[in-house]
Amino acid sequence: MDARDKRGHDGGGPCAARPGAASTYVAFRAFAMSSADVTISAERPAVPAEREQAQVQRDPLERFGWLFLGLVLPLLLALLLEAAVQLGLSNGRLVPPPSVIFQTFVDLARAGELQRHVLVTTGRVSAGFAIGVIAGTLAGAITGYSALIRRMLDPTLQALRAIPSIAWVPLFVLWFGIFESSKITLIAVGVFFPVYLGVMGAILSVDRKLVEVGRVFRLSAAAMVWRILLPAVLPSYVIALRSGLGLGWMFVVAAELLGASEGLGYLLIDGQQLGKPAEIVAAIVAFAIIGKLSDWIIVITTAPFLRWEDAFAAKR
Amino acid sequence: MLALDHVGKTYPNGVRALHDVSLEVEPGEIAVIIGGSGCGKSTLLRLVCGLDQPTQGAVVLDDATITEPQEKIGIVFQEPRLLPWLSIADNVGFGLAHRRAAERNQRVATALDRVGLSDKARMWPRELSGGQSQRAAIARALITRPEVMLLDEPFSALDAFTRIDLQDHLLNLWADAKPTLVVVTHDVDEAIVLADRVIVMSPRPGRVFAEVETDLPRPRDRQSAAFDFAKRRVMAALDRSLDRAITTDDRETRATAGAALWW
């Protein structure tokens, strides 16, 4: 309790009436409050300074420390592979060493090919991801909130989810042709299901106590979803987004493998048909890098909205 | 005026939580409900708040039957139930979302100042102690200026010192606008400090057993003889409420029931 509370108590405290008999109690309370005041006043200047210090310590050192730790394993593997080829332990044709892959990258970039394929693939994934996320979030929110709609819609959606991604390709090609729409639709379908499942499951697990707070404040259905359910599920939603994105990258490969003239998936087929394993591995490495970057973008952009979390991972 | 008119609540699984509870609380009165476990005190509060509906009888506030949460009725739960993704200031202002920002900010600032949390306005709920969180919850309920404030064992999760502080604090806040308070507690001291009237309930099924007027002047002196006397009257009523339960329903609680088991 701070000083303001004490002033508020003066008129209403129980100790005011009988100084004699209540003196022990008064003394005890005075002691308890004064030590509480001491603790609080000692605490208050310390907390902002502590936070500042922790921030300063965290920024330069820890952040880059984690980044470098993440790079140790891939760099190690790359070095081992390079060494194996240089020493003649492997002929480096079917499993190209990093030097050859790097050279392939440079060649592709110089010809402008790398940029073209990367842009096309990334564009497809972005469009499919956007559509899949919007549809998945809406469907998940509605089925999460309304038991009736859930019972009617969920069994069908679960059945659709069980269909392997590749099985959709012939149908979409027939429906939408061999150009962009069929590919983007396929990616959207892939992204939809993890997001839908994540949002619905998370809404169903929201703490009833928080929902009751919403009921007590007479929130409309839309307000309940927007102000309580969706913020409550935000941590799980981010995880659902990330897994949706991962599937998006997977589905773009499926789409591009089965009929494309551009894109990183096309490079895979091109490398296979022309007998250029370096091109295949280069495309795979490009997928890995861009996929990781896109996932990192999600984490970075959503981190400020998750600072409130009181979870195991809260201290990074 | 808040009136409960022969209210009963039977759950779908057959459990009769409340039986024929009739009660009237005058405007500005502080009524405290106390009783043995299973006497339906929390159920009663939820019915008054509108979170559940009675299966018999009705809850009436100012000639309107309560079946849903109302703007005129605020509630503070045993846990603070602050929304973890909002700052303390945003939590306290949660019920004022339909007001203009300037008015809302001003009222939030006043409310935070009143409960002594002005310096915590921008913090997250996870950074507050139990007592601070509960004070924020009380501010959140009071900021909408309800006619009736319900408190369901609001301080039972806190340590004894914080409890005493918050009881005084609550009375202070109550003195501002004097809403009708209905408090559920299992702490007899707390009941006597807060109440104009103590309603003792008996369990199985939950019903009103006795009403004890405290007849004490405010501010309450926890050390006075009159306080002790009121406390003894309430504890005697609690004892009798459990004895009653033994002769009518339950054999198993017969042996050692008494003041020690009233909670």
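In which sense do β9(B) and strand β10 (residues 207–213) of chain B pair, and over how many bridges? They pair in the antiparallel sense, over six bridges; two strands count as paired if DSSP finds at least two bridges between them. Helices (H or I, at least four residues) and strands (E, at least two) are DSSP runs, numbered from the N terminus.

The model is predicted: local features need pLDDT of at least 70, side-chain atom pairs count only at pLDDT 80 or more, and totals for chains, interfaces and linings use all residues. Residues are numbered from 1 along each chain as its sequence is written, while chains are lettered from A and ligands numbered from 1 in the order in which they are written.

**Stop 1: chain B as a whole**

Select chain B, which has seven helices and ten strands. Its C-alpha trace spans about 60 × 45 × 30 Å along the principal axes. Of its 263 residues, 47% count as buried; a residue is buried if 20 or more other C-beta atoms, placed from the backbone, lie within 10 Å of its own, exposed if 12 or fewer, and partly exposed in between.

**Stop 2: strand β9 and its partners**

Select residues 197–202 of chain B, strand β9. Five of these six residues are buried, so the strand is largely enclosed by the rest of the structure. Strand β3 (residues 30–35) of chain B pairs with β9(B) in the parallel sense over five bridges.

**Stop 3: the loop between β9 and β10**

The hairpin of β9(B) and β10(B) has four residues between the strands. Within this loop select R204(B), whose phi is near 55°, a positive value in a residue other than glycine. R204(B) is partly exposed, with 19 other C-beta atoms within 10 Å. A cis peptide bond, with omega about -10°, joins R204(B) and P205(B). Most residues other than glycine have a negative phi, and most peptide bonds are trans.

**Stop 4: further backbone features**

Move to P219(B), in the loop between β10 and α7 (225–248) of chain B. The peptide bond from R218(B) to P219(B) is cis, with omega near 5°. Next select R145(B), in the loop between α4 (130–142) and β7 (148–152) of chain B. Phi of R145(B) is positive, near 50°, and the residue counts as partly exposed, with 13 C-beta neighbours inside 10 Å.

**Stop 5: the four-stranded sheet**

Display the open sheet with the order β2-β1-β4-β5 (chain B), in which the pairing is antiparallel. Its edge strands are β2 (16–25) and β5 (64–65) of chain B, each pairing on one side only. Six bridges join strand β1 (residues 2–10) of chain B to β2(B). L4(B) stands opposite L23(B) in β2(B).

**Stop 6: a helix pair in chain A**

Finally, select helix α4 (residues 113–145) and helix α10 (residues 264–273) of chain A, which pack at an angle of about 125° with their axes 7 Å apart. Axes are lines fitted to C-alpha atoms, for helices over the stretch in contact, and angles run from 0 to 180 degrees between N-to-C directions. The angle makes α4(A) oblique to α10(A); under 35 degrees counts as roughly parallel, over 145 as roughly antiparallel, 65 to 115 as roughly perpendicular and the rest as oblique. H117(A), V118(A) and T121(A) of α4(A) make the contact with L264(A), G265(A), Y266(A) and L267(A) of α10(A), where contact requires C-beta atoms, placed from the backbone, within 7 Å.

Conventions
Contact = placed C-beta atoms within 7 Å.
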